[in-house]
Amino acid sequence: MSTPTSADPPGRPAVSPETVAEWRATLARLQAERDSLAIVAERLAEEQDEADPASELPVEGALAAEADTAPEESDAVSLTVLAFDDDALATEVATMVPWVDHILLDVYGQEITSGRPWCARWPEHDEALARIHHCWLAWQELTDSRSGATGPSVWQRDHLEPLLLKLRAPDGPFGACTTNPDHPHHRLLPHPSHTAPDSLPQPGVPRISV
């Protein structure tokens, strides 16, 4: 009498292409989150290494160290490039140029027209230099992983779009510059006259209004 054999185990269920794509997307998301967490951990470690050694002192010593350094820490430093000295300005602009060329222009610049002028000598336009620098500072902060997933979108909406609208308007700082990329042109627009001293209100003198 023959011994009955067990049925063959069921085969592995078929996996659809949609399921594979979903698995790959999930894996990619997890890898991106891992990389972001690694960057955050590295920066936190760097900040910890750069922390003031006085923080490890006893309370009395820490208070004394804080009292010694308080006047220096109270000195505010301006972030606007217009407040930099010549050497710092040159370094800052040179650092900013790759971002201007490969992010601001290559990605968002579009074509040059009479309605969207541009000037390759933008560092010579004070208004353009200041506006571009401020947008660059915001880009560094809002595209950092610590700014959250909405940071880049906030940067585009609140900083990039107003910058481009102002810089590339026909009456903007580049209004007298290039409107045809095949025939580059650069001209600085004259600044308005400074405040007339005799227009200032004087104590005890009725102000004249028109």
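This note concerns the aromatic pairs of a predicted model, with attention to those formed by Trp 99.

1. Across the whole structure, the search returns four aromatic pairs.

2. Trp 99 belongs to helix 3 (residues 86-105) and Trp 139 to helix 4 (residues 126-142), so their contact ties together parts that are 40 residues apart in sequence.

3. The two partners also bear comparison in their accessibility. Trp 99 has a relative accessibility of 5% and therefore counts as buried. Trp 139, at 25% relative accessibility, counts as partly exposed, because the buried class covers values under 20%.

4. Trp 99 also pairs with Trp 155, here in an edge-to-face arrangement, with 6.4 Å from centre to centre and 70 degrees between the planes. This pair likewise links distant parts of the chain: Trp 99 is in helix 3, whereas Trp 155 is in helix 5 (residues 151-167), 56 residues apart.

5. Trp 155 is buried, because its relative accessible area is 2% and the limit for that class is under 20%.

6. The pairs should be read together with the wider grouping. One aromatic cluster is formed by Trp 99, Trp 139, Trp 155 and Tyr 108.

Key:
Residues are numbered from 1 along each chain as its sequence is written. This is a predicted model: local features need pLDDT of at least 70, side-chain atom pairs count only at pLDDT 80 or more; totals for chains, interfaces and linings use all residues. Side-chain values use heavy atoms; hydrogens and water are left out. Rings of Phe, Tyr and Trp (its six-membered ring) pair if their centres lie within 6.5 Å; planes under 30 degrees apart count as stacked, over 60 as edge-to-face and the rest as tilted. Helices (H or I, at least four residues) and strands (E, at least two) are DSSP runs, numbered from the N terminus. Buried means under 20% relative accessible area, exposed over 50%, partly exposed in between (1.4 Å probe, protein chains only).
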